[in-house]
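Please report on the fold and the contacts of the structure shown here.

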Amino acid sequence: MLTAAATIVSLPYGVKFKIGDFSVDKKFELKEGLDLAGGSHLVFEADMSKIPEDKKKTALDGVRNVIEKRVNLFGVSEPTVQTSSFGGHDRVIVELPGVSDTKQAVSLIGKTAQLVFMEVIEAPGVDGATPSATLKSTDLTGADLQSATVVFDSQTGKPAISLQFTKEGGDKFEKITERNVGKPLPVILDNQIVTQPTVQAKITGGQAQISGSFTIDEAKQLAIQLNAGALPVPVNLVEERTVGATLGAASIKQSIVAGTIGVSMVLLFMILAYGKLGIIADIGLLIFGVITIALYKLIPITLTLPGIAGFMLSVGMALDGNILIFERFKEEKLKREYLPAMEISFGRAWNSIRDANAATLITCFVLANPLDWTFLNTSGPIRGFAITLALGIVISLFTGIFVSRNLLRVFVKQKK
Amino acid sequence: MIDWMRYRWLYLLISGSVIILGIFSVIKWGLTFGIDFTGGTVLEYRFPDGRNQVYKYAPMDASALEKIREDFKKQNGEEVRFENVGPTVGPELVRKTLYAMLAAASGILLWVAMQFKSFKFGVSAVLAMLHDSLVTIGVYSIFGAEVDLLFVTALLTILSFSVHDTIVVYDRIRELRKGFGDNIYDLANKAVTETMVRSLNNSFVVIFMMVALLLIGGETIRWFVATLLIGTISGAYSSPFVAVPILVTWDELRKRVKSEN
């Protein structure tokens, strides 16, 4: 009887334990947020002043997609790019783990990168006046590009951008060069002339090269921007937060030490207050911890400092379940037999555990804002806090009800 | 059984004075808002002698900021943190915070009212929550601590913690009502007596955790943890000594009104 119960108790959690270890072996690491691992958090505001109301959402999504492409091409691992619209402000939030030099990232993301090929229209001088030339944009733009790569100019050895047009773009380019043989063909990027080569002959095959006076970094950046496409609207940097990796590491170390001390004090307190029952609660708590960390790795949850605080708070709430049951048990023990007293305590305490935790889950829901309601916050750290707290509550309900209860049953039977 | 409810005017007086003190402080000295609300720049540098220094600036244009950063670099400072928030972000955050508090409070009010089949319970639980947030805001104002995004998170957590405790006491009242009739005054006394040890023990557990984080945890979350600590203490107090007395007083007032009619 005893062994059977013990097996039932230990088996499912034995499996859980293995999942925990398994995930470590399979290099499922705990994902650390920007405040722990270091990195930067950038918020850009899109200038929607020229966009009609009904097109704003499409424009903002376009901005996000282009930024996402640029960041990915830049080679940042696991970036997140989100949009947020609230109170007439349309923003794109970019998080770059491990990037602490934001200057380059900001100029890469923030440039509109609107590429246009211009034609020079010469008006003959009237009555001896000097001939004037005006620029006229052609229908050939960055949108007609298939790809852009960094090359080195065969004559000057300087970095340049080689452009490969799409088929349509190639046709357009062919026509434009045909019209403009012997004339300059200015290339404009974000309202500035990058280069204006003179067309020698009609160019077929849809290939071109821009050789401005770029440094290698500038050329690389421009190639990324051209490949990702232009931003549909200009953006401005409104918020920037960068945490160096050293500060993050210090925070982790301190929090782990603090957490260990806090947890050991709590474990000790439970034993002092409830004796053998306290030991059972402590075992339940350790199982709670193992399951929680395994889930953090499997889901995965990005762990931030507020997230750690959320976890600690859920430890408190997990123990509260046990305390409620034990206090109840003390009362019921006086009225009836050991075993029924225990079962009744679980039943009665469950009502208040359920109602109280549901109330906390309501707050978590508001804070985590899973439906992305724009009138609530969408900020990462607060979400992280709410998600770890909610997860902790759900797991604690499970361990409190199943693990502690079964352990107690075994314990009570042994006593007989 | 201890006649807790006999002294309920005393509890309300204590809470009232703390809150009034807090409100007075908020009016007189105001709250210190962090750059999350006001916009501006926070820089943290580590210098070769191992010293860490935090610098705060009001919003400025990019070139002025760049100059400051260059200056620190010349002093061999390693930039470990850089936060720059535009002035437009703040007002938005205030509104979102208010909405979040309203959403959480009404959700909890409805849930409690539904579970305990009475709006009295819901309203007094929310009033106890309000009590805890006022106490926390008051303490912040008195100590001049900086109100930032983490403070908002902490405040919302306190709300749920406060109601967590209140529900435990209410649950006892609900259960006792089945066996001991409908006199809220006696039920409240019995419920508070029976849940007191649990409330104390549970608060100890949370307070242990928070004190450990407060003393050893990183500088960046120090005030966040302190807020949670204040809120936990206030939340543990407010369940038996604010929520329940309001419930009892409400019930008596209603009875008095009824008998006068």
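Predicted model: local features only at pLDDT ≥ 70, side-chain atom pairs only at ≥ 80, totals over all residues.

Residues are numbered from 1 along each chain as its sequence is written, while chains are lettered from A and ligands numbered from 1 in the order in which they are written.

**Chain A overall**

Chain A holds 11 helices and 13 strands. Helices (H or I, at least four residues) and strands (E, at least two) are DSSP runs, numbered from the N terminus. Chain A has 416 residues, and 42% of them count as buried. A residue is buried if 20 or more other C-beta atoms lie within 10 Å of its own, exposed if 12 or fewer, and partly exposed in between, with C-beta atoms placed from the backbone. Take the contacts in chain A with a separation of 6 or more: residues 24 or more positions apart account for 72% of them. Contact means that the C-beta atoms of two residues, placed from the backbone, lie within 7 Å.

**Domains of chain A**

The domain bounds come from an automatic or database domain assignment.

| Domain of chain A | Residues |
|---|---|
| domain 1 | 2–35 + 244–415 |
| domain 2 | 39–111 + 235–242 |
| domain 3 | 115–125 + 133–228 |

The C-alpha centres of domain 2 and domain 3 of chain A are 27 Å apart. Here 8 residues of domain 2 are in contact with 6 residues of domain 3. On the domain 2 side, α3 (56–74) and α4 (102–110) of chain A each give two or more residues. α3(A) gives the most, with 5 residues. By class, that side has 4 nonpolar, 1 polar and 3 charged residues. Ala, Val, Leu, Ile, Met, Phe, Trp, Tyr, Cys and Pro count as nonpolar, Asp, Glu, Lys and Arg as charged, and the others, Gly among them, as polar.

**Local features of chain A**

A:A245 is found in helix α7 (residues 245–274) of chain A. A:A245 is partly exposed, because 15 other C-beta atoms lie within 10 Å. Leaving aside neighbours within four places in sequence, A:A245 is in contact with A:A37, A:G38 and A:S100.

Strands β9 (residues 187–189) and β10 (residues 192–195) of chain A pair in the antiparallel sense over 3 bridges. Pairing requires that DSSP finds at least two bridges between two strands. A:V187 stands opposite A:T195 in β10(A). The two strands form a hairpin with 2 residues between them, and A:D190 in the turn has a positive phi of about 45°.

**Chain B and the interface**

Helix α6 (residues 149–180) of chain B has 32 residues. From first C-alpha to last, α6(B) reaches 47 Å, close to the 46 Å expected at 1.5 Å a residue. That expected span is 1.5 Å times one less than the number of residues. Of the 32 residues of α6(B), 26 are buried, so the helix is largely enclosed by the rest of the structure. Just after α6(B), B:G181 takes a positive phi of about 75°.

Between the chains, 54 residues of chain B are in contact with 55 residues of chain A. The elements giving two or more residues to the chain B side are β4 (78–85), α4 (89–115), α6, α7 (184–216) and α8 (222–260) of chain B. That side divides into 30 nonpolar, 14 polar and 10 charged residues. Strand β12 (residues 235–243) of chain A and β4(B) pair in the antiparallel sense over 5 bridges. In this pairing, A:T242 stands opposite B:F82 in β4(B).
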